[in-house]
Amino acid sequence: LTLLLVACAAWASEITFELPDNAKQCFYEEIIQGTKCTLEFQVITGGHYDVDCRLEGPDGAVLYKEMKKQYDSFTFTTSRNGTYKFCFSNEFSTFTHKTVYFDFQVGEDPPLFPSENRATALTQMESACVSIHEALKSVIDYQTHFRLREAQGRSRAEDLNTRVAYWSIGEAIILLVVSIGQVFLLKSFFSDKRTTTTRVAS
C-alpha cells in the first residue's frame with residue numbers, strides 16, 4: 001500500500017529512443033492540476049546533436065517550445081487537469097537519425113519520514129537518513145548525466161574514427177594513382193623511339 005501511494009504521489013519516466021529523419025515523436029501523460037513537473041532531454045547521437053521540443057497543455061496552449069536544442073530542462077506546474085503532450089521533432093533533418101534521451105518527472109518525492117512536514121524536530125537518526133537519501137538522489141542524477149556524456153563522447157569518437165578511416169583510404173587510393181601515373185610518365189621519357197625509313201623504289 002505504501003509503494004502504491006508513493007507511485008501515485010510522484011513518479012518519473014526515463015526513455016531513450018530513436019528519432020528518424022523527417023520524423024516526429026510525441027508522448028502523452030494524464031496529470032492533475034497543481035502538480036509540479038520537470039522535463040529534461042538531451043540528444044545523444046546524430047547530426048549536430050540537436051532536436052526540436054514542444055510541450056502543450058490540455059487546451060493546446062504551448063508551455064514550452066525550443067528549436068534545435070542539444071539539451072535543456074523545463075519545470076512547470078500544471079494549471080488544469082488533463083492530458084499533457086510533449087513532442088520531439090527531427091523534421092528539419094533530411095538524412096540524419098537521432099538518439100534522444102528524456103526524463104519526465106511528475107510530482108515531488110514524498111517525505112522520507114512523516115515527521116518531516118511537522119513542526120517537531122527530526123531525531124539525529126532521521127536527519128542522517130534524510131541527508132543520505134538526498135545525497136543518493138544527487139549521485140543517481142550525476143551518474144545519469146555522466147552516462148549520457150560518455151555515450152555522446154563515444155558516438156563522436158566513433159564518427160571521427162570513421163571519417164579518418166575513409167580519409168586515409170582516399171589518400172591511399174590517390175597516392176597509388178599518382179605513383180602509377182609517375183611510373184608511366186618516367187617510362188615514356190626513357191623509352192627508345194624507333195624511327196623507320198622507307199625506301200622508294202626507282
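User: Which residues lie nearest the centre of the largest pocket?

Analyst: This is a predicted model, in which local features need pLDDT of at least 70, side-chain atom pairs count only at pLDDT 80 or more, and totals for chains, interfaces and linings use all residues. Residues are numbered from 1 along each chain as its sequence is written, and side-chain values use heavy atoms, without hydrogens and water. A pocket is an open set of points on a 1 Å grid over the protein atoms alone where a 1.4 Å probe fits, with protein on both sides within 12 Å along at least five of seven lines, and lining residues have an atom within 4 Å of a point. Of the 20 lining residues, those nearest the centre are Ala 12, Asp 103, Gln 105, Asp 109 and Asp 141.

User: Which element gives the largest share of that lining?

Analyst: Two or more lining residues come from each of β1 (11–19), β3 (36–45), β8 (98–106) and α2, where helices (H or I, at least four residues) and strands (E, at least two) are DSSP runs. The largest share, five residues, belongs to α2.

User: What percentage of the chain's residues is buried?

Analyst: Buried means under 20% relative accessible area with a 1.4 Å probe, protein chains only, and in α2 this includes Val 130 and Thr 144. Across the 202 residues in the chain, the buried share is 26%.

Terms used:
Buried means under 20% relative accessible area, exposed over 50%, partly exposed in between (1.4 Å probe, protein chains only).
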